[in-house]
Amino acid sequence: MNRREFLITTSVAALVPRITLASTPTELVAQPVSAQILPVGEPATPMLGFNGSTPGPVLRTRQGEIFDIRFRNQIGEGSAVHWHGLRIDNAMDGVPGLTQDVVEVDAEFAYRFRAPDAGTFWYHSHNRSWEQVAKGLYGPLIVEELTPPDVDHDLIVLIDDWRMTEAGTLADGFENMHDQAHQGRLGNYARALVEPSTPVRRGDRVRLRLINVATDRIFPIEIEGVDGKIVANDGMPLVSPQELSSLILAPAQRADIIADITSPDQIAFMFPTQDGPYLLGEIPVEDANTERQPSEISALLPNEVTQPNLDNAVSLTLTMEGGAMSRRMMQGMMGGDIWAFNGQSGLTDTPFHLFERGQTARIRLVNDTRFPHGIHLHGHHFFEVGADDGLGAFRDTTLVDAGETRDIVCVFDNPGKWLLHCHMLGHQAAGMKTWVEVA
Ligand SMILES: [Cu+2]
């Protein structure tokens, strides 16, 4: 990654975040929108959004409460909404062809589900997602703890990149095979969008909910001007908060951070590149909070998690194959068959595995390709197995580097048909997906 590959425009500070803080709507209307992606003064960009804006409105409720949302599709092609990371009923998961029919043009679909876990989630189109998400069909979904942590500000930080043309439109070529066979569709312009847009004070304690909504780009993030810790990954609290250094978010991954503001000027979100940091966005700091007493950053209360039964776990292997510079590509796999799991591109009639409800599985993810992949399981979270063979972070998306092998442990306790796929959406488009069933 080279900083010169980005469009360097005027200061990000001049940007006006376009997310509005609204109470959770009962209707979510997907429709064409115009968005000021580039700085004010440059052209607005024709995109897709929800209820008139991209990102869509913040959907927010308290743990255990119900989301009752009528989705209406006005984008001129089929769509559906997936609630990423929520362990909800299979019929509400929003995957056309697996959990529901595609929502046709001008049709609607009623999504109703209870929010089981407190945490930071997001929603996005799951039909032709590599194009519809790239065009802006996503938004944050926040489930508040019944007893939230003591912070002065609770801020959502969406991180995205876009491939822009000189005219300020999104570049087309959403199914470009060269992109799909490499790192996917990487943008030439990137930003962190902060919601709500409000100044903070030095000495404030803030919660930052980072969400990587990019279709394909992995973002290493450095946060300047704060002293804090990571308290949750993919919505799920960490047993022990972790240091902020080495924060990396694959597409779809989230991190919750609780931090004290140490800078008198600003909090800056930096994307380190080969030749210097790229400023993604910033939060202005004004005044000082002289009342808050210093205190430890403690762990969030855990969500309810079924403990795995490792003694009786089924062992499976999922090998990622294909892509540029691979044997499979040399042998002429093309079109939708650029990527594969265990030699199979795309969805088959039978699942990768049929689990009995409650069964524990240990799945070895083998990345036999030249590229990193962010593997996402629907309807469940899973443990990453650490180098010490212990259970690590509890996530819904795991980043597996090129040539790396990672074991995950999952209790398959949510009945239904669940997609298991690469969340580099260009890779998913080109075959890196499968599904499992829980009977
Ligand atoms: Cu991938």
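## Strand pairing

In strand β28, R362 has V409 as its bridge partner, strands being DSSP runs (E, at least two residues) numbered from the N terminus. The model is predicted, with local features requiring pLDDT of at least 70 and side-chain atom pairs counting only at pLDDT 80 or more, whereas totals for chains, interfaces and linings use all residues. Residues are numbered from 1 along each chain as its sequence is written, and side-chain values use heavy atoms, leaving out hydrogens and water.

Strands β23 (residues 359-367) and β28 (residues 405-412) run antiparallel and are joined by eight bridges; two strands pair if DSSP finds at least two bridges between them. Both belong to an open sheet of six strands with mixed pairing, in the order β21-β20-β23-β28-β25-β26. Its edge strands, β21 (339-341) and β26 (391-395), each pair on one side only.

## Copper site

The copper ion has as protein donors H373 (ND1), C422 (SG) and H427 (ND1), at 2.0 to 2.1 Å, donors being N, O and S atoms within 2.8 Å of the metal (3.2 Å for Na, K and Ca); water is not among the atoms, so sites may look incomplete. Along the chain the donors follow the spacing H-x48-C-x4-H. C422 and H427 are both buried, that is, under 20% relative accessible area (1.4 Å probe, protein chains only).

## Nonpolar cores

The largest nonpolar core has 54 residues, of which L208, L210, I223, F269 and L280 touch the most other members; such a core is a set of buried Ala, Val, Leu, Ile, Met, Phe, Trp, Tyr and Cys residues joined through side-chain atoms within 4.5 Å. Strand β9 (residues 153-162) contributes the most to this core, with six residues. A second, separate core of 31 residues includes W339, F371, M424 and A430.

Notes: Buried < 20%, exposed > 50% of the residue type's maximum accessible area, 1.4 Å probe, protein only. Helix = DSSP H or I, 4+ residues; strand = E, 2+ residues; numbered from the N terminus.
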